[in-house]
Structure formats: C-alpha cells, structure tokens
Amino acid sequence: MENADRSLLPELRHALLRLHKTLLDWERSAYERVHGRTTGLNLLQAILTDPQFAWLRPLSELIVRMDEMLERGGPDVPDDVRAIVAQARALVSPGETGSYAQRYHTALQDHPDAVFAHRDVAQVLKKIPGAGPSQRLH
C-alpha cells in the first residue's frame, strides 16, 4: 500500500461517517415509527442495546478503528490500511445474505440519501488500488 493510499484514509473516514449518519437517520425514522419520538439519550441507548440497530455496528466499529489509527498519526503497517480498505469495501458491497446486507440493500432502495452516501464511499475506494474482481463495487 502506497503512502498516497494512506493519505486517502481521512477522506474514506469522512465518506464512511456520512454513510453511517445517513443509515442511522434512516433507521431512527423506522424506530420512531414503532416506538414514538425519542430523545437523544434514549436514541443512544437504543443504538447501543436495541437489536434494530445492531446491523450498523460493523460500520460504527470500522469508523472507530479508523479514528484510533488516524489519532496515532496514521497507520504504521500497510496491512492495517489493507484491512481497513477491505472491510470498507465489504460493508458497501455486502453479500446477499445476513442482516447487514439485507438492511443495507433496503436502505439503498428506500432512502435516496443512502444512495448518494454509498456513491461517495465507492468513489473514494476506487481511488485506492487493489480491488480484485471479487471486490469491485456496484
């Protein structure tokens, strides 16, 4: 992984953060349709404990991992960057099975902002070489 690829991590983090917020807002709307309007504190509690939000945790964890890496001044090991990029690619190109993939595809179909946020992540990932045929984005 080249230094130029590492320099794209902040851009990738920003795009993933926007995607995460968009998906979280979409899921919050669904949650509030069932449970009624919720306060910020109650929403945070639901995000952390309610199974409805569990599918978003892999994306949340990736962003936290990137934050920690960038806070240290960047990745020291190219394998760290490769792992982050591979996980990001997997999250925006999920397989057809599993709760994450199902909810992600539903969000893309139901929420135009999710499509735009997805596109932004895909554009950053395309700048980083190394996507084999099985890792190409939609």
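Buried means under 20% relative accessible area, exposed over 50% and partly exposed in between, with a 1.4 Å probe and protein chains only. The model is predicted, so local features need pLDDT of at least 70 and side-chain atom pairs count only at pLDDT 80 or more, while totals for chains, interfaces and linings use all residues. Residues are numbered from 1 along each chain as its sequence is written, and side-chain values use heavy atoms, with hydrogens and water left out.

**View 1. Salt bridge between arginine 18 and aspartate 120.** The closest N and O atoms of this pair are 2.2 Å apart, a salt bridge being a side-chain nitrogen of Lys or Arg within 4 Å of a carboxyl oxygen of Asp or Glu. Because aspartate 120 lies in helix α7 and arginine 18 in helix α2 (residues 9–35), the pair ties together parts that are 102 residues apart in sequence; helices are DSSP runs (H or I, at least four residues), numbered from the N terminus. Arginine 18 counts as partly exposed, at 34% relative accessibility, and Arg18, Arg119 and Asp120 are linked in a network of salt bridges.

**View 2. Salt bridge between arginine 103 and glutamate 27.** Here the closest N and O atoms are 2.9 Å apart, and the pair ties together parts that are 76 residues apart in sequence, since arginine 103 lies in helix α6 and glutamate 27 in helix α2. Glutamate 27 is buried, with a relative accessible area of 1%, whereas arginine 103 counts as partly exposed at 26% relative accessibility.

**View 3. Salt bridge between arginine 28 and glutamate 32.** Both residues lie in helix α2, four residues apart, about one turn of the helix, and their closest N and O atoms are 3.0 Å apart.

Terms used. Helices (H or I, at least four residues) and strands (E, at least two) are DSSP runs, numbered from the N terminus.
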